[in-house]
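Visitor: I am new to this structure, and I would like to learn how to read its features one at a time. Could you take me through them slowly?

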Amino acid sequence: GQGGLLSPMADTPTYNAARFKPKSSKLQGTPSKPPAKSPKPSPSHSRRYFTMKSNRSFASLFSMRSMSTAGASEDEEVRAATPRLRRRTSMKGVGMSEREAETRNPAPKQDEHAHRPSFRNSISMKSMRDLGHLAGEALHHHHHHNGSTPDASHEHGLFGGFHLGKSEKKAKKVKTARELSNITFLSGVKFRSFSDSKANGTNNECSSFTEPKADKIMPKGESEWVDYNKRQVTRVYPGGHRVDSSNYDPVVHWCMGSQIVALNYQTPSPSMQLNDGKFEENGGCGYLLKPAFLRDESPEAHFSINTGPFTKRVKLVVTVLSGSQLPMPVRSHTHEPLDPYVSVELTGVPADVQRHRTSVVTENGLNPIWNETFTFHVACPDLAMLHFTVWDKEWGPTSDVFVASRAVSVSCIRSGFRSVDLRDEAGHNTGDHKFCSLLGIFSISEEDEWTATALRQAEESAR
């Protein structure tokens, strides 16, 4: 599908609640303020942290033979370690500060030559892995001072299966069935740069771009993006800021050669009308072959939507003669007859964007007659589209009301008298829009670049 267009169908700090003792008022007889209530810990702490439930459980975990002094029995170790651990574990989250904990639970006097492992003040571990690191560090410190060799099985039983080093990386879990992967053609990859995709990309890779990201990349490398779309598949979709399901202009991305330009189908809009008109070509099968200059992969072939080269220029003359059986607008607040006028807009590369409009015919929606002629100098007809829109003129402060529309690719237009069937805002020709149409005269002729440039400049100076 690379040759064509596809129709889119931080770690949180541990909880600290400092309890303070209110100072007595300097004035006699003035009652002191009640102590402030400690805020309750948020529920996320119970999920994101491994915290000991009480001082007793923490003391029983670390009062082990591997952390003891030489020659002490297990019961003596527990009695010696418990006051120290209580002092260490009396955290702010328990309800008192470290300074108050030192005062209420003084550390027992120790022999200055006796070795005890040093622990951090906080016992709130971010994970079981951190707890294993802490215990393993203490075990290594003990064996280093006693001259003994640690036993792997003893370590496993001593620390209850905690990893005493870096945890082994888990094997990457395959989320896609191999059978499905074998029959899937497009492979989604993250876009890094045009140079990286040119060096390492393959033809079956597809990268997705949000609307803001595409708008940011496009001005920096138009030709590079066109060349990128010759090798790989691009998908563009509306940005997340469109909470109202509105749509962006898809024409510029078609001109860049993007294969999949996704739109919000649930929202009737001019973008959806252009999309419906674009894919009516080729029998409405949902696939269009891109023009030759968007498929040519030769090194000397480069195309830019601003500078071209535009080798096939045409002159398009459109005469809007009349309308027939124009329906009443759906959102019309009055039941008065229509005051219709027609907007004729040419879209495509930036050099081709032009718009004209007819005069207003008052109170005639059955068979209004305009008989007005407009001339368009088209630089790139393979990417241009002609968009007809009929509006009901509102003579008050309210804006004009949509009546009907139709979008047609310039490459599908033929010279002569033509009837243009109109559609409603959602692109349907049913109900009141089943028989409404515009009658016009179309004339297409080739012209050279010099003539087109001279005529365009003359028209701009006349305006």
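Visitor: In which sense do β13 and β14 pair, and over how many bridges?

Guide: Two strands are said to pair if DSSP finds at least two bridges between them, and helices (H or I, at least four residues) and strands (E, at least two) are DSSP runs that are numbered from the N terminus. Here β13 and β14 pair in the antiparallel sense over six bridges, and within this pairing S419 stands opposite L439 in β14. The model is a predicted one, in which local features need pLDDT of at least 70 and side-chain atom pairs count only at pLDDT 80 or more, while totals for chains, interfaces and linings use all residues. Residues are numbered from 1 along each chain as its sequence is written, and side-chain values use heavy atoms, with hydrogens and water left out.

Visitor: Which residue in β14 does V314 stand opposite?

Guide: V314 stands opposite E446 in β14, and the pairing of β7 with β14 is antiparallel, running over ten bridges. In a regular strand the side chains alternate between the two faces of the sheet.

Visitor: How should I read a cavity, and which residues line the second largest cavity?

Guide: On a 1 Å grid over the protein atoms alone, a cavity is a set of points where a 1.4 Å probe fits but cannot get out, and lining residues have an atom within 4 Å of a point. Grid points are joined across faces, edges and corners, and a volume is the space filled by probe spheres set on the points. The second largest cavity holds about 40 Å³ of space, and its lining consists of V318, T319, V320, F388, R418, V420, L438, L439, G440 and F442. The elements that give two or more residues to this lining are β7 (314–324), β13 (416–421) and β14 (437–446), with β14 giving the most, four residues.

Visitor: How do the residues of that lining divide by class?

Guide: Ala, Val, Leu, Ile, Met, Phe, Trp, Tyr, Cys and Pro count as nonpolar, Asp, Glu, Lys and Arg as charged, and the others, Gly among them, as polar. By this scheme the lining of the second largest cavity has seven nonpolar, two polar and one charged residue.

Visitor: What lines the largest cavity?

Guide: The largest cavity, with about 80 Å³ of space, is lined by Q273, D276, G277, E280, S405, R406, A407, R423 and G427. Two or more residues of this lining come from each of α12 (270–278) and β12 (401–409), and by class the lining has one nonpolar, four polar and four charged residues.

Visitor: How many salt bridges does a search of the whole structure find?

Guide: Side chains of opposite charge can pair when their charged atoms come close. A salt bridge is a side-chain nitrogen of Lys or Arg within 4 Å of a carboxyl oxygen of Asp or Glu, and a search of the whole structure finds five. One of them joins E280 and R406, with the closest N and O atoms 3.1 Å apart; E280 is in the loop between α12 and β6 (287–289) and R406 in strand β12, 126 residues apart.

Visitor: What is the distance, N to O, in the salt bridge of R423 and E280?

Guide: The side chains of R423 and E280 meet at 3.1 Å, N to O. R423 lies in the loop between β13 and β14 and E280 in the loop between α12 and β6, so this pair ties together parts that are 143 residues apart in sequence. R406 is buried at 16% relative accessible area and R423 is buried at 17%, whereas E280, at 34%, counts as partly exposed.

Terms used:
On a 1 Å grid over the protein atoms alone, a cavity is a set of points where a 1.4 Å probe fits but cannot get out, and a pocket is an open set with protein on both sides within 12 Å along at least five of seven lines; lining residues have an atom within 4 Å of a point. Buried means under 20% relative accessible area, exposed over 50%, partly exposed in between (1.4 Å probe, protein chains only).
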